[in-house]
Amino acid sequence: MREASLEPDVISYNAGISACGQGEQWHRAVALLRDMWEAKLEPTQIQLQRWDQRVREG
């Protein structure tokens, strides 16, 4: 996105994290979550619960 001069938002980070999780690329999902927090974007409580559930499942 940044190469196309677009700034990611909570929705795009969530999509990326979800895709990484489904592809069992957890190290990338965690890196995206870190990037999201560094950009001062906060996930919703529902997103945090889903990510927590996925981590526990996988």
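Glu 38 is exposed, with a relative accessible area of 55%; exposed means over 50%, buried under 20% and partly exposed in between, computed with a 1.4 Å probe on protein chains only. The model is predicted, so local features need pLDDT of at least 70 and side-chain atom pairs count only at pLDDT 80 or more, while totals for chains, interfaces and linings use all residues. Residues are numbered from 1 along each chain as its sequence is written, and side-chain values use heavy atoms, leaving out hydrogens and water.

Glu 38 belongs to helix H2, residues 26-38. Helices here are DSSP runs of H or I with at least four residues, numbered from the N terminus. The side chain of Glu 38 forms a salt bridge with that of Arg 34, at 3.7 Å from N to O. A salt bridge is a side-chain nitrogen of Lys or Arg within 4 Å of a carboxyl oxygen of Asp or Glu. Side chains of opposite charge can pair when their charged atoms come close. Because Glu 38 and Arg 34 are four residues apart in H2, about one helical turn separates them.

Arg 34 also meets Asp 35 in a salt bridge, at 3.4 Å from N to O. Arg 34 is partly exposed at 46% relative accessibility, and Asp 35 is partly exposed at 25%. The count of salt bridges comes to two, and a network of salt bridges links Arg 34, Asp 35 and Glu 38.

Helix H2 also packs against another helix. Two packed helices are described by the angle between their axes and the distance between the axes. For H1 (residues 10-22) and H2, the angle is about 165 degrees and the axes are 7 Å apart. Axes are lines fitted to C-alpha atoms over the stretch in contact, and angles run from 0 to 180 degrees between N-to-C directions. H1 is therefore roughly antiparallel to H2, a term for angles over 145 degrees.

Which residues of H1 meet H2? Val 10, Tyr 13, Gly 16, Ile 17, Cys 20 and Gly 21 do, and their partners in H2 include Trp 26, Leu 32 and Asp 35. Contact means heavy atoms within 4.5 Å. By class, this contact of H1 with H2 has nine nonpolar, two polar and two charged residues. Ala, Val, Leu, Ile, Met, Phe, Trp, Tyr, Cys and Pro count as nonpolar, Asp, Glu, Lys and Arg as charged, and the others, Gly among them, as polar.

Notes
Helices (H or I, at least four residues) and strands (E, at least two) are DSSP runs, numbered from the N terminus. Angles under 35 degrees count as roughly parallel, over 145 as roughly antiparallel, 65 to 115 as roughly perpendicular and the rest as oblique.
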